[in-house]
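Hello,

Here is the structure I promised to pass on. Please have a look, and my notes follow just below.

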Amino acid sequence: MKIAAISSGGGHWIELQRITPAFEDHDVFYISTHKNLGDTVQGHKFYTIPDASRWNKLKLLMVAFQVMKLMVFTRPDIVISTGAAPGVFGIIAGKLIGAKTIWLDSIANVEHISLSGKLAIHIADRVYTQWPSLADKNIIYAGNVL
């Protein structure tokens, strides 16, 4: 299986790194917003995309285009993301190319699912929360990664 693991930097990246043991024996590549994060996944392909948020619509479009281009070029079987905006684009692009998609909402979202997670609920094959109180028929709680 070829797995695309995508997230923004910071806490999203840390959470993504905490689940990497689940990717053993698979062909994994990583996508994130900070070039230096590639040092944390040595031995794997790493792609850098611009960072963007809902406050900069033009940059969001650029990120969406770059993520889609990467997904078409790499053709992963599975796309997994811990957020935020780049991850949503990864999930959307993954669905468009026929990949299975998984969204893991950040542990920082204690009281409600993130905005990106709310979008992912409608797109991803599986959506996970790290808080039991946020689980429902569309959101799975299976523990936390921190």
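Predicted model: local features only at pLDDT ≥ 70, side-chain atom pairs only at ≥ 80, totals over all residues.

Residues are numbered from 1 along each chain as its sequence is written, and side-chain values use heavy atoms, with hydrogens and water left out.

As for the fold, there are 4 helices and 7 strands (DSSP runs, H or I of at least four residues for helices and E of at least two for strands, numbered from the N terminus). Along the sequence they follow β-α-β-β-α-β-α-β-α-β-β. The 7 strands make an open, parallel sheet in the order β3-β2-β1-β4-β5-β6-β7, where two strands pair if DSSP finds at least two bridges between them. β3 (45-48) and β7 (140-141) are at the edges with a single partner strand each, so one side of each has no neighbour in the sheet. β7 runs parallel to β6 (residues 126-129), joined by 2 bridges, and T129 sits opposite Y141 of β7.

On overall dimensions, the C-alpha atoms fill a box of roughly 35 × 35 × 30 Å along the principal axes. Of the 146 residues, 48% are buried (under 20% relative accessible area, with a 1.4 Å probe and protein chains only).

Best wishes

Conventions. Buried < 20%, exposed > 50% of the residue type's maximum accessible area, 1.4 Å probe, protein only.
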